[in-house]
Amino acid sequence: MITVQSLQHTFTIGKKGQEKKVEVLKDINFRIEQGEVVAIVGKSGSGKSTLLQTIAGFMKPDSGSIIINNTEIAGFTEKQSTAFRLDHFGFIFQNFQLLPSQTVFENVELPLKLKGISPAIRKKKVSEMLTKVELTAVEDHYPNELSGGQQQRVSIARAMITNPPIILADESTGSLDSQTEKEILSLIQQLNEQDNITFIIITHDEEVASIADRKFRMADGVLVGGMAHVI
Ligand code: ADP
Ligand code: MG
């Protein structure tokens, strides 16, 4: 379902005249099948988030191929990327990125609004999703009225509401205590089993990585381990 080949990206950093080139993605190759949970581990600064950003189409790689469901997305325009992203990806971030002025219900509803789904269908879908992640009781609350674990469940519900086949999680349990982290990880496992959703989980935490079917390691701009090289 996701095939990445010869992916390469270099950042130019520093002041004008003293620029330095950092080759963050040197030669990334891997293949992930539908329904797999894959963890990408690696030190801070090793390029994990950059890789995820290119897969999601937020960032254009310098070169290489990213094929998702038989579609080459590396050369997409911004408009094409946005449309493709809404249909294919859900995101879970470390800092949740919920809208503070919107209720739980409204936060989860947002991606459906962006897709132009009618209010009646939105209400039905959001209600079902909130039941699934056990947030019905707090659906009218604002994010700052929730615990960290609840906020992360809202962001998972928002990620899942459009039924994307792929969820990208970037250090998504990094700010949670270990008990809450366990709850979130078991929710991810449950969603993976129920709906055959593909998860790519970025983490620097080996315990988080242990729930994955396969574990890739990012180091020196390449991915190793977990049979990542088998294309
Ligand atoms: P990780 O997620 O593994 O911690 P990142 O992908 O965030 O690593 O960053 C990898 C490297 O690329 C770091 O050295 C970082 O400073 C650099 N980097 C990331 N994003 C940018 C950017 N937009 N511009 C310049 N350098 C960047
Ligand atoms: Mg990162």
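Modeller: Let's start with strand β8, residues 198-203: six of its six residues are buried, so the strand is largely enclosed by the rest of the structure. Buried means that 20 or more other C-beta atoms lie within 10 Å of a residue's own; with 12 or fewer the residue is exposed, in between it is partly exposed, and the C-beta atoms are placed from the backbone. Strands (E, at least two residues) and helices (H or I, at least four) are DSSP runs, numbered from the N terminus.

Before going on, a word on what you're looking at. This is a predicted model, in which local features need pLDDT of at least 70 and side-chain atom pairs count only at pLDDT 80 or more, while totals for chains, interfaces and linings use all residues. Residues are numbered from 1 along each chain as its sequence is written, and chains are lettered from A and ligands numbered from 1 in the order in which they are written.

Now, back to the strand. In a regular strand the side chains alternate between the two faces of the sheet. Here both faces of β8 are covered: Thr-198, Ile-200 and Ile-202 are buried on one side, and Phe-199, Ile-201 and Thr-203 are buried on the other.

Who are its partners? Strand β3 (residues 37-41) pairs with β8 in the parallel sense over five bridges, and Ala-39 stands opposite Ile-201 there. Strand β7 (residues 166-170) also pairs with β8 in the parallel sense over five bridges, with Ile-202 as the bridge partner of Asp-170. To count as a pair, two strands need at least two bridges found by DSSP.

Touching, or contact, means that the two C-beta atoms, placed from the backbone, lie within 7 Å. Ile-32 is found in strand β2 and is buried, with 23 C-beta neighbours inside 10 Å. For a sense of scale, Ile-32 and Asn-144 are 112 residues apart in sequence and 36 Å apart in space, C-alpha to C-alpha.

So what does β2 belong to? It sits in an open sheet of four strands with antiparallel pairing, in the order β2-β1-β4-β5. The edge strands are β2 and β5 (71-72), each pairing on one side only. Further in, β1 and β4 (residues 63-68) pair in the antiparallel sense over five bridges; Thr-3 stands opposite Ile-67, and Gln-8 opposite Ser-63. β4 and β5 pair over two bridges, again antiparallel, and Glu-72 is the bridge partner of Ile-67 in β5. These two strands form a hairpin with two residues between them.

Two residues around here are worth a look. Most residues other than glycine have a negative phi. Asn-69, in the loop between β4 and β5, has a positive phi of about 45° although it is not a glycine. Ser-6 has a positive phi of about 50°, and it isn't a glycine either; its place is in strand β1. Ser-6 is partly exposed, with 13 other C-beta atoms within 10 Å, and Asn-69 is partly exposed with 13 as well.

Next, the helix and the ligand. Helix α1 lies across β1, β2 and β4, running at about 60° to β2; axes are lines fitted to C-alpha atoms, for helices over the stretch in contact, and angles run from 0 to 180 degrees between N-to-C directions. Ligand 1 is surrounded by a shell of residues including Phe-11, Val-22, Gly-47 and Lys-48, where a residue is counted if its C-beta atom, placed from the backbone, lies within 6 Å. The elements giving two or more residues to this shell are β1 (2-13), β2 (20-32) and α1 (48-56). The largest share, three residues, comes from α1.

Finally, zoom out. The protein has seven helices and ten strands, and its C-alpha atoms fill a box of roughly 50 × 40 × 40 Å along the principal axes. Of its 231 residues, 37% count as buried. Among contacts between residues at least 6 apart in sequence, 70% join residues at least 24 apart.
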